[in-house]
Amino acid sequence: MTDRADVLGALGTVYDPELDEPITSLRFVTSCDVSAAGDVDVRLRLPTPQCAPNFAYLMAADARDAVLRLPEVGTVTVVLEDHYTGDEINAAVGRGGTFADAFPGETDGELDALRELFRRKALVARQSRLCERLLAGGATVGDVAARRVADLPDNPDARRCIELRAHLDIRSDEDAPAFVLPGGEPIAASDLRQWLRTASLVRTSLEANGGICRSLLRVRYGITDPEEVAA
Amino acid sequence: MYEKDGEKYFVLDTHTHFWDASPENWVEGAEEYAKGWIECFHAYQGLGPPDTHWPIEKFQKYSEEDFVRDMFEEGHVDVAIFQPTYLKSWYRNGFNTAQQDATLAEKYPDRLILNGRWDPREGEAGLRQLEEDAKRYRLKGVKLYTAEWHNGSRGWTLKDDAAQPFFEKCIELGITNIHVHKGPTIWPLDKDAFDVSDVDRVATDYQELNFIVEHVGLPRIEDFCFMATQEPNVYAGLAVVIGGLMHARPRFFAKVMGELLFWVGEDKMLFGADYAIWEPKWQVEGLVDWNYPDDTFSDYPAFTNASKKKILGLNAAKLYGVEVPEECRLPVEEGTPAAREDAELVEGRG
């Protein structure tokens, strides 16, 4: 029987597509209840009532899908609370509908391209963190460029890079290059410094955005926020 | 003017408002949006120091006395630029129209500059209105809000054919400063609403005009920076960067400032307090006191007294033809040029 820990575990695999962080660590999960019959009720919240509906929809729909993949789960209800398009999103997600179902006539299509764009940004940002750590540890640009996937450390950034590469159809077998351009080509040693300069800007943007979201959530719900997470 | 440690700073706040978001001004049937909008702004105020937070009632509608005190008497601001935001679909008399701003601007003609606005979806009538506004308010700038709703349309881009006659008209009328809101927006629903590629295009097409990207495209600073390095007439409007990060997220603020100084450069960054979201006082004082927190930031360009003077006022004074008192000027010098690197490796265009 699925229990609350299983559900939270499943929700931990759902990422804010824009920030590339799990909705659980972002504290977007307000509550999560599992009834004796295995029915699941998840409540989500966002930093502002006007957070972009596209990302809001993706998180709600992904949350439902992730919980539905659990074995022996009953009915699954995911409700986005306190959002100006909450009714539309909840109705569509509740019936397993698409983004276009939620907002008929207001979208040209689904959100795959948007999701892919942000996965590419996330991969760049995570690679830059891994790369900077290696260089700070004394590796040369030549060393870094020569790294294979098998050489990557076992840490959240590296694991997430592998997941993102799978989503983006970039090979990530043990022998594949550890650091790649958004199209999957390896980053040459001669390009590495320049790549890092731009990649660290992408990372700063993502992290600063995450910082603002956390601050706004804290203000909105009066929750405590221990400290800055990165930078 | 602000003075600290013998240095005198001319403060030109490029982004201020005099709004009315009180319930009496909400459009019937759109109350939810009108209320949500101002509450969202109010949440951003929460990112500033606690002693600068206002109750929501005051935040919805503040007085002329509040404005004058917070900006000029206590806020160190010499000259401020009103950036109107109409939002007439949600607010009956508009959220913050040129007319509202004009009531104050007329009383303080030497201290308040009024920017106008246009919307290509208004066609010929919009062009005529722009001409009238330009004459009445002696416009040197406009604020464009591409995400605004209009007759069932939920946004537009600077690249639209319908927008081109408006740029031509701006050139004809001497309206050289085009402020574009690129920051938290909502529509269109299925796209990323922060796309700055339209600015890229028009900045190339209209070299006579300056494009000030408000909120530096937050949260897509990278897209903005990569674009701004390629376009000499694109500027960074720092509203939200200082207010939203300097107090709440000081290390991120340091990184964002470092990146902007590197990519965009101190000659193209413009202070904006974004009153009444945030009062200018703590932002001006904080920026003058600010430096990188430690030497892990040593790869970024230095932040000098000259950088502060330019960003707080001198850069904008140049764009708007505002005379700066002798004692606040800098000796004539070359600016520290920003990076002009190519971003193709990250953007994957190569």
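This is a predicted model: local features need pLDDT of at least 70, side-chain atom pairs count only at pLDDT 80 or more; totals for chains, interfaces and linings use all residues.
Chain A is divided by the domain assignment into domain 1, residues 4–102, and domain 2, residues 112–221. The C-alpha centres of these two domains of chain A are 26 Å apart. Domain 1 of chain A contributes twelve residues to the contact between them, and domain 2 of chain A contributes 13 residues. On the side of domain 1 that touches domain 2 in chain A, five residues are nonpolar, two are polar and five are charged.

Between the chains, the contact draws 41 residues from chain A and 34 residues from chain B. On the chain B side, the elements that supply two or more residues are α1 (31–45), α8, α9 (241–246), α10 (250–263) and α13 (344–347). By class, this side of chain B comprises 18 nonpolar, four polar and twelve charged residues.

Two packed helices are described by the angle between their axes and the distance between the axes. From α8(A), the contact is made by A:Leu201, A:Val202, A:Ser205 and A:Ala208, and from α8(B) by B:Ile221, B:Glu222 and B:Cys225. The contact of these two helices has five nonpolar residues, one polar residue and one charged residue.

Terms used. Residues are numbered from 1 along each chain as its sequence is written. Chains are lettered from A and ligands numbered from 1 in the order in which they are written. Two residues are in contact if their C-beta atoms, placed from the backbone, lie within 7 Å. Helices (H or I, at least four residues) and strands (E, at least two) are DSSP runs, numbered from the N terminus. Ala, Val, Leu, Ile, Met, Phe, Trp, Tyr, Cys and Pro count as nonpolar, Asp, Glu, Lys and Arg as charged, and the others, Gly among them, as polar. Domain bounds come from an automatic or database domain assignment.
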